[in-house]
Amino acid sequence: MTALLNIKALNAYYGQVQALHGLQFDLRRGSVTTLLGANGAGKTTTLRAICNMVRTTGAIEFDGAPLSGRSTENIVRLGIAHVPQGRGTFTTMTVEENLQLGAITRGDKVGVVADIERMYEHFPVLKQRYSQQAGTLSGGEQQMLAVARALMLRPRLMLLDEPSFGLAPLIVRDLFKILGKINREDKVTILVVEQNAQLALELADHAYVIETGRIVMSGTADEIANNEDVRKSYLGY
Amino acid sequence: MSAVQEAVTDAPAVEAVPKRALTLGTGTSLTVLAALILAPLFVKNFIIFQMTMLLVYGLAVLALNILTGGSGQFSLGQSAFYAVGAYTSAILMEHAGMNYALTLPIAGLICFIFGFLFGLPALRLSGVYLALATFALATAMPQLLKLGYVEHWTGGVQGLVVTKPDAPFGLPMSQDMWLYYFTLVITIAIYVFSVNLLRSRSGRAFMAIRDNEIAASAMGVDVALYKTLAFGVSAGITGVAGGLGAIAVQFVAPDGYTIALAIQLFVGMVIGGVGWLPGSIVGSAFIIFVPNIAEGISKGLSYAVFGVILFLVIFLVPHGARQVALIAQHLLGKLKKS
Amino acid sequence: MELFTNQVLAGIATGAIYACMALALVMIYQAIDHLNFAQGEMAMFSTFVSWQLMQWGVPYWGAFLLTLAFSFAGGIVIERTLFKPLAKAPILTNVAGFIALFAIINSVAGLIWDFTIKQYPTPFGSSPFLGSQLISTHQAGMIGVTVLLLIALYIFFRFTRIGLAMRAAASVPESARLVGINTSWMIALGWGMAAAIGSIAGMLIAPVVFLEPNMMGGVLIYGFAAAVLGGLTSPFGAVIGGFLVGIVENLAGTYIPGVGNELKLPIALALIVTVLVVKPAGLFGRPIVKRV
């Protein structure tokens, strides 16, 4: 099974500061992978690098097509949806407009309308608030909206940056259940960056641990979860 | 329509200049100083007059740099303070017979108060809104100066003629040369004062406000005090510049202080490098000499040529003279290594 | 009382000019988050182009449409060549760019068409509107066109896909890119639309203030004031702001002693600034809540 996403020798820079050093990893089609590590380790930078939101050298291939040199919006159009840190909600627009924006690059009006209904099935609370200004939603609701918006793209790969941030544990559990469902039913490959390692490892098939811009550990989620040394040194529990 | 729009305070509208880079290095400063001191000895009186105006506008741009580059407040109204300073000096000299040198601190003080008072209502405004308010001030000033009520003092539309002073103690130099050195001393004093102000606690307060007003306030900076103080100081220095300008040009008239002047000072600040005090004189040189050059190139299209030159400069060095200085420093560093 | 109502009505009539200009300014503000000082000069240049077309025999509405297309394209070209390179430069540098653009357009227009005042036709005629001495048919036409423009813009932003994309790009550019919107082209489109709206404003205003390169100076300032008063994020506010500015200007001139033509502007601006001190986001603008 070929990799959907292939990252080789990836370096990323913020100005003169190098944030990622020779990163290398794959994402298998249909898998859920989690990228773990402490604050500032380079997890967010990795996601941003995939979408060309930060200066990089190295090779990133998505389904065989190289991503270097493409603008962020063109990378998205290839089928990569990115739910950024802080959700990036269009706060001044309604919930439904946010969903429509997720599908703005699609041409099939009928399909878009059908997908919006599906999102409302996944996330009933969004249906309740469909005409409300997105900025007035709670943190958890905005997170669900962000995920739904990403799904409106009908992406092949979904990148999530700390979806659990600032959310109550029960809500996070619900969210991760839905993510699992989406992965299985819609065959969406998922890469989720998390500080909350425990929950992420329950959801994921594979895991990578990143520290100061380098991958220091990789394996199946079970291996990583059961490895006490790794947990204590890198994941803090 | 009553819903709230959220804005994350991301990049500040005015970017910071690192404190180290606030001034030129010692070597460069001394060279520039030497040039400024020696140049008048070799040129004609008219050029000396132009050099005086160079310093005068340099002061005005410096003042704007403190306000915008320092405390992050936009102002398109500096021409109003310049005008008040100019008229204060003129009125004191011609109606009260005061010595020209004494009029300057008074002009500065009056403008400081004026600026401080203007800063009070301006506290609630920022960005585009503050720009509009200062713009209003600048457009109002020439009209206020023409008002019938004050015509006795201001001379109405025709303005006032100002007597140029002779060199004191019978020194053997022309009026222009004396006035130049007098202006130079004041300019250096104000420059040193400004650099120290920006390096002091007050300066840090200004810059904290510029970079993130909410955070500054949360840290205990008295935002209201420092914002109005910045306006006051900036207006005061501009007032002194106005006074010097009035003496150098030998007259004051309402239409000499229109919004066009305010816009020129703004352009001067951008060309010099926002917040970089030494750049003020480069900005001043731009606004004095480039229009002349433009007119030389094409009389009918002089304004357009000015615009084209301005575009070229901001394309090549969007951060103004400071960027040029940094590049030069970089190159010199490379030369030294090899 | 009758004088008061008359002055208010007259103010609304002149205010239509400012409302139109303010719409163009709000349009550009929506796209690029700042105000373009050269908007007035661009409108003036477009109006001259339409005048020139009519001099060459093109009938009024033909010239109107051609000018609209020319302005739209021109706005995009100016943005792509002059301001896209400045996208990463500081805002103040961009403002210097607007000033430079102002200088260039003003000067070139003066060179091509010189500074003598020219008559400019109106499609609405200038007889009294419904018999009123205060509003001419042209002024009524101006108000009508402005309101139509406002409705058209509302429909565009609320109900079209590209309108939604533009709003998104202006509101949260990074998120807009993450849904696949080319935010750079949204800005160009914003410029094009602002230029087109400005050209309509110019062609409506010229019959009243007469066509010459400096005709937009005063109008631009009032247009700014109107846009700011209305709240820069609200096209509806811009139009209301325009009418209010017209009314304030007229009332100031009538009721405040010693206010000749020269002081009308500063007083109008002063009153607007007073409003802003009380309501910093303008009358219809959304108060901006800043997260640190």
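1. A definition to start with: a nonpolar core is a set of buried Ala, Val, Leu, Ile, Met, Phe, Trp, Tyr and Cys residues joined through C-beta atoms within 7 Å. Please keep in mind throughout that this is a predicted model. The largest nonpolar core here has 285 residues, and C:Ala22, C:Leu23 and C:Ala225 touch the most other members. The element that gives the most to this core is helix α1 (residues 2-32) of chain C, with 19 residues. In general, nonpolar side chains tend to be buried together in soluble globular proteins.

2. What does C:Ala225 touch, leaving out residues up to four places away in sequence? From its own chain come C:Val245, C:Ala268, C:Leu269 and C:Ile272, and from chain B comes B:Leu132.

3. That brings us to the two chains together.

4. Now have a look at C:Trp51, which sits in helix α2 (residues 39-55) of chain C. Is C:Trp51 buried or exposed? C:Trp51 has 21 C-beta neighbours inside 10 Å, so it counts as buried, the cut-off being 20 or more. Beyond residues up to four places away in sequence, C:Trp51 touches C:Lys118, C:Tyr120 and C:Leu211. C:Ile143 lies 92 residues from C:Trp51 in sequence, and their C-alpha atoms are 22 Å apart.

5. Two backbone angles in chain C deserve a check by eye. Most residues other than glycine have a negative phi. C:Asp114, however, has a positive phi near 50°, and its place is the loop between α4 (91-113) and α5 (137-159) of chain C. C:Asp114 counts as exposed because it has 11 C-beta neighbours inside 10 Å. C:Phe210 also has a positive phi, of about 65°, and lies in the loop between α8 (183-209) and α9 (216-230) of chain C. With 13 other C-beta atoms within 10 Å, C:Phe210 is partly exposed.

6. Over in chain A, an open sheet of 4 strands runs in the order β2-β1-β4-β5, with antiparallel pairing. Its edge strands, β2 (17-28) and β5 (65-66) of chain A, each pair on one side only. Helix α1 (residues 43-50) of chain A packs on the sheet and touches β1, β2 and β4 of chain A, its direction making about 70° with that of β2(A). Strands β1 (residues 3-14) and β4 (residues 55-62) of chain A are joined by 7 bridges, and A:Asn6 stands opposite A:Glu61 in β4(A).

7. Finally, why is strand β9 (residues 206-211) of chain A described as largely enclosed by the rest of the structure? Because 5 of its 6 residues are buried. Strand β3 (residues 32-36) of chain A pairs with β9(A) in the parallel sense over 4 bridges, with A:Thr34 opposite A:Ala207. Strand β10 (residues 214-220) of chain A runs antiparallel to β9(A), joined to it by 6 bridges; here A:Tyr208 has A:Ser218 as its bridge partner. The hairpin of β9(A) and β10(A) has 2 residues between the strands, and in it A:Thr212 takes a positive phi near 40°.

Terms used
Residues numbered from 1 in each chain as written. Chains lettered and ligands numbered in written order. Predicted model: local features only at pLDDT ≥ 70, side-chain atom pairs only at ≥ 80, totals over all residues. Buried ≥ 20, exposed ≤ 12 C-beta atoms within 10 Å, placed from the backbone. Pairing = 2+ DSSP bridges. Contact = placed C-beta atoms within 7 Å. Axes fitted to C-alpha atoms, helices over the stretch in contact; angles between N-to-C directions.
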